[in-house]
Amino acid sequence: MNQSKKRILFIDGPLGGGGAERVLIDILRNIDYDRYEVDLAVICRGGVLMDEVPEQVRVVELWDGYSLAYKLAFRLSKWLRCNWLFSRKMNGKKLRKNYDIEISFLEGMPLKLGALRKTKAKKATWVHADLFRHRYEEAQFYPGEELMAYNKMDVVVNVSKHSEEAFSRRFPECIAEKRTIYNPVDRKKIERLASEGNIIKDDKRLTVITVGRVTAPKNPERFLQVAKLAKEAGLSVRFKWVGDGELRAKMEALRDEMGLSEMVEFTGFVKNPYPHIQAADIMMVTSDYEGFCLVICEAMCLGVPVISTRTAGPSEIIGDNEYGVLTDLSAEALFEAVKELTPSDIRQEMGMDARKRPEAYSVEKAIEQITELI
């Protein structure tokens, strides 16, 4: 390792198609490798984004899949409060001892593993969610362990001011420095990838799209309820959900039960979702919780108007309906917003205004802040 360069370790899980993983890839693509040497430790290899890790990054696979060894370490930690096996892995020969900074890039297990590192490196962790309302990561810690892990960090980075406020409400005893670094939005990359697809815009029907994992926090059932209301009102609208997740099969079955088979499509995971977004008329976010919601900014880059439930990250991006439409957490409110955006001139005006907003979240600004952190 070149000692003239700063040494960075990122810790994450498998690189699936979620927003946090895509943010990590964007950061890794924009790091100055003349100044930094980067290792990425993943719990195990795999995930649809693994082949997008830049070649300059040394990838370290901690376990060979979610193996018996990993499961044993997890059970010892969770049920017997013994982190010896996890600690041995995190301080073993696979990882270097002389990083300048070690970054756990996700809540839950990456944080837990990063906190077990016994080095003098600066330690930081990323929070991508509203941890006050959405405590999905609790099951990965024994009682009191999560706060102890955060208190071993020098810095807790949140992806929005709202998520930072939620974190402070959840962990008021956390002594680490808190700061906000917005997720980078690479407009040039988004526009380039959008131009590479061959998705044809539907000129006969309005297309409402959602991009994200089909999971409980995203509330895909609410998405179906909006489609049902549109059908009952006789609107000519198609609804498309781009993404995969554990609830996809259940939602497809529910869609069929609701008589929406001709109206709602679940595409599954799509490596390049941007042509789908560009061909849509409205981006709709139906989530119960969002830390930042990168896909809103991605839609804005492409001039697609956004409707979102009023949660942490979207509220910060959209403001007082300045760059899109915020609604309460009900299918009825979302449907009313869709109706309001039916006229093409209203959508076009909103899309043009929205294009300005991602400038606040440029890659250059984010990398500058991360450089300051390092």
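A residue counts as buried under 20% relative accessible area, as exposed over 50%, and as partly exposed in between, with a 1.4 Å probe and protein chains only. The structure is a predicted model, in which local features need pLDDT of at least 70, side-chain atom pairs count only at pLDDT 80 or more, and totals for chains, interfaces and linings use all residues. Residues are numbered from 1 along each chain as its sequence is written, and side-chain values use heavy atoms, with hydrogens and water left out.

**Salt bridges in total**

- Where a side-chain nitrogen of Lys or Arg lies within 4 Å of a carboxyl oxygen of Asp or Glu, a salt bridge is assigned, and the model holds 28 salt bridges.

**A link between two helices**

- Lys 189 and Asp 26 form a salt bridge with an N to O distance of 2.8 Å.
- Lys 189 belongs to helix α7 (residues 187–194) and Asp 26 to helix α1 (residues 19–30), 163 residues apart; helices (H or I, at least four residues) and strands (E, at least two) are DSSP runs numbered from the N terminus.
- Lys 189 is buried at 11% relative accessibility, and Asp 26 is buried at 5%.

**A link between two strands**

- Arg 238 pairs with Glu 265 in a salt bridge, their closest N and O atoms being 3.5 Å apart.
- Arg 238 lies in strand β9 (residues 237–242) and Glu 265 in strand β10 (residues 264–268), so the pair ties together parts 27 residues apart in sequence.
- Arg 238 is buried at 18% relative accessibility, whereas Glu 265 is partly exposed at 34%.
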